[in-house]
Amino acid sequence: MLFISTSGALGRYIDLPVHITIAARALLAFFALWLYCKYRKIVLRIAPSDRFLVLFSGVLMGLHWMTYFYALQLSNVAIGMLSLFTYPMFTAFLEPLILKTKFQRIHLALGALVLLGIYFLVPDFDIKNEYTMAVGLGMLSALFYALRNIVMKRKVSAYNGSMLMCYQSAVVGLALLPGLFFFDLTTMTDQWPAIVTLAVLTTAVGHTLFLRSFKNFSITTASIISSVQPVYGILIGALFLNEIPALSTVIGGLLILSAVVAESLLSYRRAGQV
């Protein structure tokens, strides 16, 4: 979670167009994950019937990254990461519709708690306000992330997680690759350390360690642990970028994270593990 939490500060620090940042991140992450899969002798073959689903999940991942980084550019680490963490509520409402699972009425109350948290994050509801736009983009990013997770839920058990992340990074990188040919790459010289850190430490290493933790924890337990991610991210932003969140942001964040933890604990109990 500490490694993954660096995405917010790095997204704010890297001074490049978002599509260039995401293209470089995806291509470098793909290369790092491909080497890891080769080292671990992980089979990279995907059944023909699953190829479209993996391709589609890569598109959703790319849209998630793009909207998230635009949200970070328009606001700060706290606003960007906290608005993104509405994704568990999107998941709770979309999963019954897409996977035909039972809807839990408690999610209505938790969804209302998240909306109250969003109310505190948004300074005013003027679409011209950059922070308002950032929260909207952060929630859109959360929607794409929730859809990606739901789409891949039934495939995670059949394939290695690092292999799936490798393919998704490849899809994002290839889709955005043409943009690199129309950009002066010499202006990226001083940005490469941050981009490599984002691709390798945040994306490849962070997500691989998180997936490996599933061997010792249930996915629900891992989700509860992941709730610390915005806290880490905000602390990193405060330490390295001097971004101190406003009181209203702290209140909104506490409400959103309370809903996330409550949903994770409810899922834990429903699974009969408590």
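Good morning. I begin with serine 75, whose side chain reaches the backbone oxygen of alanine 71 at 2.7 Å; a polar contact here is a pair of N or O atoms within 3.5 Å, where within protein one must be able to donate a hydrogen and the other to accept it, and residues adjacent in sequence count only if both atoms are side-chain atoms. The model is a predicted one, in which local features need pLDDT of at least 70 and side-chain atom pairs count only at pLDDT 80 or more, while totals for chains, interfaces and linings use all residues. Residues are numbered from 1 along each chain as its sequence is written, and side-chain values use heavy atoms, with hydrogens and water left out.

Serine 75 sits in the loop between α3 (51-74) and α4 (77-84); helices are DSSP runs of H or I with at least four residues, numbered from the N terminus. With 5% relative accessibility, serine 75 counts as buried, a term that means under 20% relative accessible area, whereas exposed means over 50% and partly exposed lies in between (1.4 Å probe, protein chains only). Not counting residues up to four places away in sequence, serine 75 touches Arg12, Gly80, Tyr131 and Ala134, where contact means heavy atoms within 4.5 Å.

Arg12 leads us to helix α1. Where does α1 meet α3? Ser7, Gly8, Gly11 and Arg12 in α1 meet Tyr68, Phe69, Leu72 and Gln73 in α3.

Arginine 12 also has a polar partner: its side chain makes a polar contact with the side chain of glutamate 243, at 2.8 Å. Glutamate 243 is placed in the loop between α11 and α12 (247-270). Is glutamate 243 buried or exposed? Its relative accessible area is 17%, so it is buried. A polar atom of its side chain also lies 2.9 Å from the backbone nitrogen of valine 77. Leaving aside neighbours within four places in sequence, the contacts of glutamate 243 include Asn76, Ile234, Gly237 and Ala238.

Finally, I turn to helix α11. The buried residues of α11 are Gln229, Pro230, Gly233, Ile234, Ile236 and Gly237. They cover an arc of only 160 degrees around the axis, which puts them on the same side of α11; the arc is that of the directions from the helix axis to the C-beta atoms. The face turned away from that buried side carries the exposed residues Leu235 and Leu239. After α11 comes asparagine 242, with a positive phi near 60 degrees.

Thank you for your attention.

Technical notes
Helices (H or I, at least four residues) and strands (E, at least two) are DSSP runs, numbered from the N terminus.
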